[in-house]
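Hi,

Here is the structure I promised to pass on.

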Amino acid sequence: MKRSLPEASFSFFNHAFLGCLALLSLLPLVNILAVSFSTGYAASTGKVGLWPVDFTVSAYRFVMQNKVFWNTLVVALLRVAAGVPLNLLLVILTAYPLSKTRKEFRQRSFFSWYFLFSMLFYGGLIPYYLTVQAVGLVDRFWVLILPIAVPVYYVIIMLNFFRQIPKELREAAEIDGAGHFATLFRIYVPLSTAAIATIVLLCFIMHWNSWFDGLLFIGNVNRQPLQSYLQSILTRPFDINQMARDPEQWKLIQFVNERTVKCAQIFIATIPIMVIYPYLQKHFTKGLLIGAVKG
Amino acid sequence: MTGRWLNIRKNWPLFVMLAPAVAILFVFSYIPMAGIVIAFQRFVPAKGLFGPQEWVGLKNFAYVFSLRNTGQVIFNTVYISFFKILLGILVPLTVSLLLNEVRRSWYKRTVQTIIYFPYFISWVILSGILFDILSPSTGIVNSFLGWLGIQPIYFLGTASVFPWTIIFSDVWKNYGFNTILYMAAITQLPQDLYESAGMDGAGRLRCAWSITMPGILPIVMLTAVLAMGSILNAGFEQVYNLVSPVVYSTGDIIDTLVFRMSIGSTTGGAQYSLATAIGLFKSGVSFVMISTGYYLAYRFADYKVF
């Protein structure tokens with residue numbers, strides 16, 4: 001089919017417009033990256049665009065010498081290592097009974113409402129804070145894990161995936177005398193790798209990006225996760241001389257400034273997301289839509 | 001009776017599976033719900049949650065709503081979240097329709113990959129990025145505006161501009177990811193409609209207008225109805241990180257006010273009861289809105305959460 005002139009010109013402008021949108025998402029990050037590799041002097045004059053000026057890795061070396069940065073990075077990795085497997089286990093265990101029909105599991109409605117209601121009504125910040133305080137989790141590592149151990153929205157994604165597993169497979173397992181646990185772990189789980197990958201990646205991001213819990217419940221900055229620490233660095237002016245506690249850092253201080261050090265930390269904190277992003281993208285369109293669009 | 005007993009005997013593993021999640025939600029979701037009683041007390045933290053507190057009825061609510069500040073904060077919240085919801089639907093919808101017209105699949109995929117990305121970055125990191133690129137002296141955005149001959153704009157420090165900085169940066173973060181939903185809805189439309197329209201001489205734009213648009217209207221309505229529930233949710237994580245006292249008049253929202261009045265209080269006079277009263281107002285309205293949204297979605301689109 002021959003394309004008419006208006007259609008051809010629409011196509012041209014459409015491609016150009018979408019290209020601009022993509023740049024709009026990309027350029028801020030490129031700019032941050034360029035600033036982080038520039039000298040403090042170049043950054044302070046506002047001359048850095050999309051390419052570093054007076055290339056240097058001083059800002060990264062400066063950050064690497066910062067003990068608090070390392071301590072909080074370790075806390076962040078620990079919370080991911082402990083939190084994500086627990087999330088996954090609880091999501092799978094919870095989604096299985098809720099994926100049953102009411103005939104198969106008579107109390108299902110009650111539990112569905114129990115989980116649904118927790119999404120509908122929020123007790124509020126202060127009762128939540130006082131509850132966490134009352135159960136003795138303040139200043140404990142587990143305060144970063146337990147309160148968000150059951151992401152109900154991901155349970156819904158998982159259970160909708162479980163419901164698509166052919167009925168024949170379940171019935172065959174039942175005839176073979178498999179109990180619920182065996183059915184779940186030998187039949188459901190191996191068939192749900194795409195959904196499980198999605199849940200793992202989403203939980204990884206949830207844990208990696210959480211900052212408010214650390215800020216709220218953990219007093220010692222060295223025991224906060226990276227994002228909580230970065231919150232206190234990135235969202236207000238800070239004095240770079242106070243961060244320089246180490247002789248190595250004093251040597252670097254003439255090449256860096258507040259801005260380049262902030263940008264270096266922004267970029268480092270984004271690396272894990274970039275690393276898992278290809279996997280995430282492969283899975284999420286498929287895995288997420290089952291939970292969302294089903295309608 | 002025996003039927004039910006048999007059922008439980010066969011299904012006991014299901015209860016075991018649910019137990020940990022039920023317990024965790026009980027502690028971290030249901031106990032705090034009961035904790036809203038604080039809003040009706042003169043709460044003294046030393047006496048403990050559910051301790052022997054003095055009951056004051058609706059006094060906290062009366063006091064909170066008599067403050068002029070409260071009305072302003074509620075207005076700010078509704079203003080910001082209304083435009084977030086509106087643009088948060090229109091922008092991804094438009095972009096989905098445009099993406100659908102791209103025939104070069106590598107181009108489409110590349111654009112999608114890039115515009116999804118900001119969704120996965122935390123508001124802490126994005127705030128750091130926004131503070132940097134929007135800075136009036138060294139930021140790249142104002143450098144660009146200067147190149148166009150426009151005076152520097154203090155996006156995060158001008159009360160009249162701040163809410164729109166919040167709205168646009170939120171839309172910027174999320175629109176790409178939200179196109180997934182509309183793109184999926186578009187691909188599910190029956191292809192033969194396009195074929196027969198093509199045979200009748202309809203061009204691509206005509207098809208987009210007359211087939212695609214009405215075809216995905218139901219899912220657009222569904223997202224709009226479900227989004228109603230967040231009308232008092234202007235985005236704590238974002239606003240808390242970006243707001244400063246100079247823009248409180250337009251940028252302070254319910255959640256940031258609650259936090260500042262209570263746990264985040266820097267003056268020492270933490271007002272737990274008053275803050276909980278405002279928080280409960282928000283939770284109550286949100287509850288009604290979300291429930292209504294779900295009910296309408298269920299009634300008219302057969303949408304079920306579980």
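The model is predicted, so local features need pLDDT of at least 70 and side-chain atom pairs count only at pLDDT 80 or more, while totals for chains, interfaces and linings use all residues. Residues are numbered from 1 along each chain as its sequence is written, chains are lettered from A and ligands numbered from 1 in the order in which they are written, and side-chain values use heavy atoms, with hydrogens and water left out.

Chain B first. It comes to 13 helices and two strands (DSSP runs numbered from the N terminus: H or I of at least four residues for helices, E of at least two for strands). Its radius of gyration is 25 Å, well over the 19 Å that the globule rule gives for 306 residues, so chain B is more spread out than a compact globule. Here the radius is taken over C-alpha atoms, and the rule is 2.2 Å times the number of residues to the power 0.38. The C-alpha trace spans about 75 × 75 × 30 Å along its principal axes.

Of the 306 residues in chain B, 50% count as buried. Buried means under 20% relative accessible area, exposed over 50%, and partly exposed in between, with a 1.4 Å probe and protein chains only. Among contacts in chain B with a separation of 6 or more, 64% come from residues 24 or more positions apart (contact means heavy atoms within 4.5 Å).

Now two loop residues. L49(B) lies between strand 1 (41-42) and strand 2 (54-55) of chain B, and it is buried at 17% relative accessible area. Leaving out residues up to four places away in sequence, L49(B) touches P127(A), L130(A) and T131(A), as well as G35(B), I38(B) and F43(B).

I121(B) sits in the loop between helix 4 (105-116) and helix 5 (123-133) of chain B, and is buried too, at 4%. Beyond its neighbours within four places in sequence, I121(B) contacts L29(A), N209(A), T270(A), L126(B) and K173(B).

Last, the cysteines. How many disulfides does a search of the whole structure find? Zero, over all chains, a disulfide being a pair of cysteine sulfur atoms within 2.5 Å. C20(A) is partly exposed at 49% relative accessible area, whereas C207(B) is buried at 8%.

Cheers
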